[in-house]
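Here's a quick briefing to read with the model open beside you. Take a look at the structure first, then we'll go through it topic by topic.

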Amino acid sequence: MSTNKRHNYKNLKIWQLGLDISDVLVEFPKHERYDLSSQMSRCSVSMPSNIAEGSANTNKSFSNYLNIALGSSFELGTQLLVAFHRKYINQETLTILEEKIEEFQKMTMSFQNTLT
């Protein structure tokens with residue numbers, strides 16, 4: 001693949017999966033709306049957003065944006081564990097979201113390897 005080729009982010013499965021993860025709404029207590037839930041929202045939106053932004057760049061630069069998206073996914077995973085620990089989400093919700101995040105991470109790293 002040419003290093004000058006641009007990607008249509010809407011056709012990338014990793015962008016679509018990141019968007020799916022960002023759609024998950026978690027019910028938190030009112031006092032958490034501006035703390036943990038807000039941070040989780042920013043992370044989940046950051047994942048597909050960085051893929052979209054990076055897709056307009058060269059492959060080398062795109063890879064850096066994918067690293068940022070991956071970082072956000074790992075941060076979101078930690079925040080989900082905090083939410084579970086505080087009993088804001090149940091085990092089933094945690095498991096479903098962890099599986100989606102893990103799939104996102106594997107697919108993103110695999111795609112990233114094709115860019116180099």
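How many salt bridges does a search of the whole structure find? The search finds one, where a salt bridge is a side-chain nitrogen of Lys or Arg within 4 Å of a carboxyl oxygen of Asp or Glu. Keep in mind that this is a predicted model: local features need pLDDT of at least 70, side-chain atom pairs count only at pLDDT 80 or more, and totals for chains, interfaces and linings use all residues. Residues are numbered from 1 along each chain as its sequence is written, and side-chain values use heavy atoms, with hydrogens and water left out.

**Confidence**
- The protein chain has a mean pLDDT of 88, and 92% of its residues reach 70 or more; pLDDT is the predictor's confidence in each residue, from 0 to 100.
- Among the chain's elements, α3 has the highest mean pLDDT (95) and α1 the lowest (84). Helices (H or I, at least four residues) and strands (E, at least two) are DSSP runs, numbered from the N terminus.

**The salt bridge**
- The partners are K106 and E102, and their closest N and O atoms are 3.1 Å apart.
- Both K106 and E102 sit in helix α4, four residues apart, which is about one turn of the helix.
- An α-helix has 3.6 residues a turn, so residues three or four places apart point the same way.
- K106 counts as exposed at 53% relative accessibility, while E102 is partly exposed at 40%. Here, buried means under 20% relative accessible area, exposed over 50%, and partly exposed in between (1.4 Å probe, protein chains only).

**The nonpolar core**
- The largest nonpolar core holds 26 residues, and I51, L76, L80 and F104 have the most contacts inside it.
- Two or more residues of this core come from each of α1 (13-22), α2 (36-54), α3 (59-85) and α4 (91-115).
- A nonpolar core is a set of buried Ala, Val, Leu, Ile, Met, Phe, Trp, Tyr and Cys residues joined through side-chain atoms within 4.5 Å.
- Setting aside neighbours within four places in sequence, L76 is in contact (heavy atoms within 4.5 Å) with I21, M40, C43, S44, M47 and I101.

**One side of α1**
- Which residues of α1 are buried? They are I14, W15, L17, G18, I21 and S22.
- These residues cover an arc of only 165° around the axis, so they lie on the same side of α1. The arc is that of the directions from the helix axis to the C-beta atoms.
- The buried residues of α1 pack against α2, α3 and α4.

- Q105 lies in helix α4 and is buried, with a relative accessible area of 10%. Leaving aside neighbours within four places in sequence, Q105 touches L70, S73 and F74.
- N50 belongs to helix α2 and is buried too, with a relative accessible area of 11%. Again leaving aside neighbours within four places in sequence, N50 is in contact with Y65, I68 and A69.

**Aromatic pairs**
- There are two aromatic pairs. Rings of Phe, Tyr and Trp (its six-membered ring) pair if their centres lie within 6.5 Å; planes under 30 degrees apart count as stacked, over 60 as edge-to-face and the rest as tilted.
- Y9 and W15 pair edge-to-face, 5.2 Å centre to centre with 70° between the planes.
- F62 and F111 also pair edge-to-face, at 5.7 Å centre to centre and 70° between the planes. F62 is in helix α3 and F111 in helix α4, so this pair ties together parts 49 residues apart in sequence.
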